[in-house]
Amino acid sequence: MASNTHSTDAAHGDAHGAAEAAGMPQLDFSTFGNQIFWLVVTLVVIYFVLTKIALPRIEAVLSERQGTITNDLTAAEELKQKAVEAEEAYNKALADARAEANKIVAEARADIQADLDAAAAKADAEIAAKAAESEAAINEIRAGAIDSIKAVSKDAAKEILGSMGYKADAKSVTAAVTARMKG
Amino acid sequence: MAEQGAKQGASPIIKIAFFAVLAVVLLSGVLFSPAHPGLAIHPMDQFEIKPLFGDGHGKLGLFTVTNMTLWMVLAIIGIVLLLVVGSRGRAIVPTRGQSVAEMAYGFVYKMVEDVAGKDAVKFFPGIMTLFMFILFANFLGLIPTSFTSTSHIAVTAVLAMIVFVFVTVLGFVKNGVGFLGLFWVSSAPLALRPILAVIELISYFVRPVSHSIRLAGNVMAGHAVIKVFAGFAAALGVFSFLPILAISAVYALEVLVAFIQAYVFTILTCVYLKDALHPSH
């Protein structure tokens, strides 16, 4: 019930307030000069604070940050380039080392081959010398054997002739044996 | 099953909390209901300009320090705190205050660059001044019992006239008579052009009016509505929680309006500046 009376009062008060609102403080021209004066003062102060201190400072900070970021990016790019170069150098060193190793292996192999060849040649020569020596010895032995056979044949022929009653002439026997041996 | 149990467990707590709040509100309504319920809502009283010193009823001279002076000075202090003190570290990695200052700088700078063009950047400090002043006046005005400078048509009219006069003079200085091309719509049929020129001319001179009344009207209306609801809250006793809820909602809206109106005023300034620099349609 109490609230009911309140709301009727509220309606009254509202109407009252609306009537009063006709005199809006905004339309009180006597205050305009004062308002405009203080507004202009405020704007001038803000303008000077901004142009003299705040805006140059913020601009400097922003551009400095931009510069730092750009520098960092450039540095990162350089480091990346260096890393690529280092990798290339590493690969190159690796390839060089591999080539060197191959070369050394090939040289060693060539050396060994040369040694081997020399040794083989020497051995061949020795073998050849030994073979020639042996052949000479064999020939000597063979020659010795033929001489012995000749002598034995002469003696045998002389004996055979003697026993058959022929006077064997040593000269002609020798000639005959030699002629037979040749044939 | 368990889920249902949890829900049933949660809902009584909410219910109890709700009823507790309601009980407190009702009780306080009964206890603190005004002794004289005769309602006096004066939503416009908050806009009165009074001398700050003396009995508060003296006559206003041109240089009298008023409550408006106080809140304008507070706006200056706020701007200095944000943009000067906030950025004093000049840190590459900004502190919280500095990044807000940088954000405000970037926000307005980008607006000027995008809307008015690259050659308008030299007017950026002036536009920043307008934006920061309106923004801080609007937000400081949201503090209860404070005074809102931007609710006064005299203030916003001066702001709008500064923009209007500056832009018009700049237009003629930059383009000479060619600035009048702004009113001569060369893309329209020749017969229509004089009519359009009249319309364009009228709309050009209406600009400062709409520019100023939009800001003052929005701010004033929001504050007056809050005050009217506050008057209801004082009168309704037990049911005062209804207008208090409404005040909360309107206040949230006003926070939005405070920013949006500063933004709108600034972006329109940029649009007018663009017209002055490039008057061709």
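B:Asp275 and B:Arg207 are both buried, where buried means under 20% relative accessible area, exposed over 50% and partly exposed in between (1.4 Å probe, protein chains only). The two residues form a salt bridge in which the closest N and O atoms are 2.5 Å apart; the term requires a side-chain nitrogen of Lys or Arg within 4 Å of a carboxyl oxygen of Asp or Glu. B:Asp275 sits in helix H7 of chain B and B:Arg207 in helix H6 (residues 193-236) of chain B, so this pair ties together parts that are 68 residues apart in sequence. Helices (H or I, at least four residues) and strands (E, at least two) are DSSP runs, numbered from the N terminus.

This is a predicted model, in which local features need pLDDT of at least 70 and side-chain atom pairs count only at pLDDT 80 or more, while totals for chains, interfaces and linings use all residues. Residues are numbered from 1 along each chain as its sequence is written, chains are lettered from A and ligands numbered from 1 in the order in which they are written, and side-chain values use heavy atoms, with hydrogens and water left out.

Over all chains there are five salt bridges. One of them joins B:Lys118 to B:Glu113, with the closest N and O atoms 2.8 Å apart. B:Lys118 is exposed at a relative accessible area of 63%, whereas B:Glu113 is partly exposed at 24%. In chain A, the side chains of A:Asp96 and A:Lys92 meet in a salt bridge at 3.7 Å, N to O. These residues, A:Asp96 and A:Lys92, are four residues apart in helix H2 (residues 32-163) of chain A, and therefore separated by about one helical turn. A:Asp96 is partly exposed at 43% relative accessibility, and A:Lys92 is exposed at 54%.

Chain A has three helices and zero strands. Of its 183 residues, 14% are buried. Chain A exposes about 13300 Å², and carbon and sulfur atoms supply 63% of that area; accessible areas come from the Shrake-Rupley method with a 1.4 Å probe, and for residues only the protein chains shown count as cover. An unreviewed UniProt entry places a "transmembrane region" at residues 36-55 of chain A. In the model, residues 36-55 of chain A are 100% helix and 0% strand, with the end C-alpha atoms 26 Å apart. UniProt (unreviewed entry) also places a "coiled-coil region" at residues 69-100 of chain A; its positions are given in the numbering used here, feature names are shortened, and annotations may be inferred rather than shown by experiment. Residues 69-100 of chain A are likewise 100% helix and 0% strand, and their end C-alpha atoms are 46 Å apart.

Chain B contains seven helices and zero strands. Buried residues make up 43% of its 281 residues. Its accessible surface comes to about 14600 Å², of which 75% belongs to carbon and sulfur atoms. Among contacts (heavy atoms within 4.5 Å) in chain B between residues at least 6 apart in sequence, 70% join residues at least 24 apart.

B:Ser149 gives a local view of this packing. B:Ser149 lies in the loop between helix H4 (124-141) and helix H5 (153-175) of chain B, and is buried at a relative accessible area of 2%. Leaving aside neighbours within four places in sequence, B:Ser149 is in contact with B:Met68, B:Trp71, B:Met72, B:Ala137 and B:Val155.

Aromatic rings come next. Rings of Phe, Tyr and Trp (its six-membered ring) pair if their centres lie within 6.5 Å, with planes under 30 degrees apart counted as stacked, over 60 as edge-to-face and the rest as tilted. By this rule there are 21 aromatic pairs over all chains. In one of them, the ring centres of B:Tyr105 and B:Phe124 are 5.1 Å apart and the planes stand at 75°, so the pair is edge-to-face. B:Tyr105 belongs to helix H3 (residues 96-116) of chain B and B:Phe124 to helix H4 of chain B, 19 residues apart. B:Tyr105 is buried at 6% relative accessibility, and B:Phe124 is buried at 4%. B:Phe107 and B:Phe259 form a tilted pair, 5.8 Å centre to centre with 40° between the planes. B:Phe107 lies in helix H3 of chain B and B:Phe259 in helix H7 of chain B, so the pair ties together parts 152 residues apart in sequence.
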